[in-house]
Structure formats: structure tokens, C-alpha cells
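Here is a short tour of one protein chain, written for someone new to reading structures. Keep the picture open as you go and look for each spot when its name comes up.

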Amino acid sequence: MTDVVTLKRTLPGSALRVFEMVSLPENMVRWWGHDGMIVPEHNLDFSKPGPWYSILQMTDGSQKMVSGEVTQVDPPRFIAFTWAWHEGGPGGPRGTETKVTIEISDAGQDHANLTLKHYDLGTDSARSGHTKGWLSIIEKLETGLA
């Protein structure tokens, strides 16, 4: 079995609009996180290379932290970044680093294709959990674009 999750979706909006939704902090906080999560603290900015992090708060008040480095940006077509959960939540040690890419292309009639790939997940459980999370996130992104 492969250790990459690949998700594809055609979204309402031009490639530029989709890129702005998935890269600019003021837009990212609207869709980042899943299952009722909110983002009380972050430095999400995928419009340029550099470090990023976010604290995600669950509906029960518990928190998780994920961080990484934006490694490549080619507006409005491509973003690559690293990803690692922090063990035990905010302030905990950073876990195993994985890689994520987002490719965006025009799909005509004010629509864009988005392909998200999350690499190096390693286990069936990690792939399953990240697939569920990314699908929820992409649904929130699609709703925000509609």
C-alpha cells in the first residue's frame, strides 16, 4: 500500500481565488481544521516560504498543535509544505514530519481543480485519519468558495 493520500476536487472559483483561499491567513482560518475545530492561535500563511503553525481547538476544548515549513510557492498553481503534529498538544515535542502539496489548475467556467497530496504517512491508521481530516477540510473550503 502506498503511503500517500491523494484527494482531488473541482471547486467553484478561478485558480487565483482558490489559491488565495488556501494560502492567505485571513482566508485559511475559515476552513483550516475539521469536525467543528476552531483555530485560536496560528501563523498560517502559505503565500510565501517560511515556518507556520496552528493550534486547533476541538469542540470539547482540548487542543492539538501542528506545524511545519512552507517550502515552495508558485502562485496560483502550487504550494508545498511540511507537516508534523506536536505530541500531547501545544508545547509538546514535534512528531514525525510529513509533506503536503497542493496543486491548482483552471477547470473552465470559473472553476479550478485542486489536488492535495499528503506524503510519508507510513501507517494505514495515519492515512485513514488524514484522509478523513483533509476531506472535511476540503468540504469547508468548497463551502467557503461557493
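## Tyrosine 53 and its neighbours

Let's start with a word you'll need: two residues are in contact when they have heavy atoms within 4.5 Å. By that rule, and skipping residues up to four places away in sequence, tyrosine 53 touches Glu41, His42, Asn43, Leu44, Met65, Val66 and Ser67. Tyrosine 53 sits in strand 3, residues 50–57. Helices (H or I, at least four residues) and strands (E, at least two) are DSSP runs, numbered from the N terminus.

Among those neighbours, asparagine 43 is 10 residues away from tyrosine 53 along the chain, yet their C-alpha atoms are separated by 5.6 Å. There's also a polar contact between the side chains of tyrosine 53 and glutamate 41, at 3.0 Å. A polar contact is a pair of N or O atoms within 3.5 Å; within protein, one must be able to donate a hydrogen and the other to accept it, and residues adjacent in sequence count only if both atoms are side-chain atoms.

## What kind of model this is

This is a predicted model, where local features need pLDDT of at least 70 and side-chain atom pairs count only at pLDDT 80 or more, while totals for chains, interfaces and linings use all residues. Residues are numbered from 1 along each chain as its sequence is written, and side-chain values use heavy atoms, with hydrogens and water left out.

## The whole chain

Now zoom out. The protein chain has 3 helices and 7 strands, and from the N terminus they come in the order β-α-α-β-β-β-β-β-β-α. The chain is as compact as a globular protein of its length, because its radius of gyration is 15 Å, close to the 15 Å that the globule rule gives for 146 residues. That radius is taken over C-alpha atoms, and the rule is 2.2 Å times the number of residues to the power 0.38. Along its principal axes, the C-alpha trace spans about 45 × 35 × 25 Å.

Of the 146 residues, 44% are buried. Buried means under 20% relative accessible area, exposed means over 50%, and partly exposed is in between (1.4 Å probe, protein chains only). Among contacts between residues at least 6 apart in sequence, 47% join residues at least 24 apart.

Serine 23 belongs to helix 1, residues 15–23, and counts as buried because its relative accessibility is 1%.

Serine 136 lies in helix 3, residues 124–145. This serine is buried too, since its relative accessible area is 16%. Leaving aside neighbours within four places in sequence, serine 136 is in contact with His34 and Asp35.

Most residues other than glycine have a negative phi, and most peptide bonds are trans. With that in mind, take a look at the loops. A cis peptide bond joins proline 75 and proline 76, with omega about -10 degrees. Proline 76 is in the loop between strand 4 (63–74) and strand 5 (78–85).

Glutamine 109 isn't a glycine, but its phi is positive, about 50 degrees. You'll find glutamine 109 in the loop between strand 6 (98–108) and strand 7 (111–119), and it counts as exposed because its relative accessibility is 76%. Aspartate 120 also has a positive phi, near 65 degrees. Aspartate 120 is in the loop between strand 7 and helix 3, and its 35% relative accessibility is why it counts as partly exposed.
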